[in-house]
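Hi,

Here is the structure I promised to pass on. Have a look at it first, and my notes on what turned up follow below.

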Amino acid sequence: MTTVALAGASLVAAAGPVASSDTTQMRHLQEVQVTATRASATTPVAHTNVDKQLIEKLNHGLDLPFLLSTTPGVITTSDAGSGVGYTSLRVRGTDGTRINVTNNDIPMNEPESNVLYWVDTPDLASSLQDIQVQRGAGTSTNGAGAFGASINMRTQRFSAAPHAELNGSYGSFNTNKETLKVGSGLIKDHWNFDASLSHISSDGYRDRAWSKLYSYFFQGGYFGGQTSVRFISYGGKEETYHAWDGISKDQLKTDRTYNPNGEIKHYGKVTGFYKKQTDNFRQFNYQLIWDQGLGERWHWNMALHYTDNFGYYEEYKNARKLKEYGLTPFVVDDTEVKKSNLVRRKNNDGGFGGTVFSLNYSNDRLSATLGGGANYYKNKHYGNVIWVENYYGSALDPNHEYYRNTGKKLDMNYYIKANYQLAEGLSAYADLQYRHVGYKIKGENDKWDWTASPAHNQVLNVDEKFDFFNPKAGLYYKIDAHNNAYASFAVAHKEPVRNNYTDGSFKSKPKAERLLDYELGYQYKSACFEAGINLYYMQYHNQLVLNGKLNDIGEAMNENVKSSYRLGVELTAAWKPASWFRWDVNAALSRNKIKHYTGWVSDYDVDTWEDMYSQTAIEMGTTTISFSPSLVANNIFTFDYKGASAQLISQYVSRQYLDNMQNKYDSLDPYCVTHLDLAYTFKLPSVKSLTVGVTVYNLFNTKYETNGYSQTCALYKNGDKKTRYALSRDPRFYPMAGTNVLAHVSFKF
């Protein structure tokens, strides 16, 4: 679902950094703060800034990815179809495993999967000061390598005056959000405290795709001279019903809201749904940040951080082999029962901690940063069987454990970056980073290895080390008061993620990926018109992609493809002919290709529909990379007049293929979706402001999907592989909600 929240990002994409409206005293509290990994106005990388005012204007209850979805080249997805729960975003066609996310320069990606699960940090947007999205390799950052984009967030600044705020939303699918925020203001010239509590829930657009989300934020700080010390804690708890599986093309026409997760089957027929088919997770983040000014030119920043998390998901499994769960087959009426329905839980129990630092120097011509970080992660993965239907064996241990393994990851990086003014208006940028990654997985996986003798759970014994050197360089030229241009080149590397090992071949290891990123941009800005163009060429070596190939036990796996690329142009423009009207547009046009691609499909007998336990390789030549549309375009009309505001937002996304075989049947159809937001702000004696509004999402009731997966196989007659009978395609899709409404109100005191 594309939301109105994204309009603000488009405005900033065209306009560049937006000036803060904070008072001088507010800025004084924060003057020693810097963000070492951010791009400045003269850094030669493509980036978009979203400030606090825009976040507040758009944050009515949908997840944070939807606040960014009209920035150039961004697409958002929602399993539940309503924008609440499990959501994600792609930038330039790259998925969440390739997008680096930090908060106050502290890495947030889950280190093993390299993904940030936004559902684990509900309503984080309410606690943010601003967000910067860098497209491409970007500047050096902490944590997971940026292989398509990076998202850098900063928590809210302290306010000099006491304040309170109450926000509420309610709308379709029982979607609701309640947020309470309070702040002490400056106490005894040195101390300040802020806190907030949030609750979000939704029934979801799809059947049973409900979410219950709770979150908190707290920060306390001391300010004295050039010294600032802040303690920040934020986190939350989520419970969501699974909506992880898609539906067929026929179901899109007949029952778009159907959710197959939790199906209880009897002789192949669905007789009901398991009520506790849920994902449950809690995460608490702690940050201790010390900012120290060292005279006029030097500044030091250091942070200690720790994230504590625990969660599990519970699911009903139909007709599972008991031995795969370490259970003994049992006898009923002289018949040995080897399969039974059961309920399992998969658990994650982890901790992530470390430190990041930066030393900054600046004078009239030079700004330089020496920085880095060292972070360690340990995560225990284990599974329990908590119920088996009609189990007549020995008494079932209520916490019967059938697998356990532990992942450990050490991530260290050090960088030095500098921007030097070579001449009037001309500056050079250089950025050198060294990154070391050590990753271990030990224990048994939940996958059953039937190729072993005797068969047993897959044994994991991963011990990998990676050393990466990531140089970046560029030029920025301010031609005159209205025109500027830049060019840059960057090298980035990325290590394989956990699934590349657990779902890979037992006999080979995945390789690290490499990216060469070339960027060239130009911007024009006048009093009423702004425009920009950014050209990019991202050349990949050993990119890991799903190519349909199965591992030793029949699980889909990623493989390295030798050569692939993304070539594109990003356009932004904004026109403001009057104080009450603004028109913003942006578009990302791209060509995304894999060279010499070979896809794999599983073989089935067309007469018996039985798996032939073999695969067929299909040489495809040069094909389009999956989930990489050739055009993403946004149009935003904004009206503001004497407290009344309105925004009309449209997004168009061209065809996206579900795999790399470039078949129209296995694709997401192009779509254009429009949203309307209306609001009015009252100035009242008893409150600072009262804002009421309503947002109509998908104004014209467009039927569209933003995510899915393919299930292609090769069919043969009578088990004869000499002649392929056909390719069978049975893709699955995640439908988005039709027209729906969310009303919102905000009190500020």
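F147 and Y540 are both buried. Keep in mind as you read on that this is a predicted model. The rings of F147 and Y540 form a tilted aromatic pair, with 5.6 Å from centre to centre and 50° between the planes. That pair links distant parts of the chain: F147 sits in the loop between strand 6 (128-135) and strand 7 (149-155), while Y540 belongs to strand 26 (residues 529-550), 393 residues apart.

How accessible are Y86 and W244? Y86 counts as partly exposed at 22% relative accessibility, and W244 is partly exposed too, with a relative accessible area of 25%.

If you like clusters, look at W580, F581, W583, F637 and F639, which are linked into one by ring pairs.

R92 has its charged end over the ring of Y536, 3.7 Å from the ring centre. K409 lies over the face of Y439, and there the distance to the ring centre is 6.0 Å.

Q283 is part of strand 15 (residues 278-294). Is Q283 buried or exposed? Its relative accessible area is 11%, so Q283 counts as buried, the cut-off for buried being under 20%. The Q283 side chain makes a polar contact with the side chain of N285, at 3.3 Å. Setting aside neighbours within four places in sequence, Q283 is in contact with D120, T121, Y234, G235, G236, T307, D308 and N309.

K465, in strand 23 (residues 456-478), is exposed, at 57% relative accessibility. Which residues does K465 touch, not counting those up to four places away in sequence? They are H436, V437 and G438. From K465 to A39 the C-alpha to C-alpha distance is 30 Å, and the two are 426 residues apart in sequence.

That's what I have for now.

Cheers

Conventions. Residues are numbered from 1 along each chain as its sequence is written. This is a predicted model: local features need pLDDT of at least 70, side-chain atom pairs count only at pLDDT 80 or more; totals for chains, interfaces and linings use all residues. Side-chain values use heavy atoms; hydrogens and water are left out. Helices (H or I, at least four residues) and strands (E, at least two) are DSSP runs, numbered from the N terminus. Buried means under 20% relative accessible area, exposed over 50%, partly exposed in between (1.4 Å probe, protein chains only). A polar contact is a pair of N or O atoms within 3.5 Å; within protein, one must be able to donate a hydrogen and the other to accept it, and residues adjacent in sequence count only if both atoms are side-chain atoms. Contact means heavy atoms within 4.5 Å. Rings of Phe, Tyr and Trp (its six-membered ring) pair if their centres lie within 6.5 Å; planes under 30 degrees apart count as stacked, over 60 as edge-to-face and the rest as tilted. A charge sits over a ring if NZ of Lys or CZ of Arg is within 6 Å of the ring centre and within 35 degrees of the ring normal.
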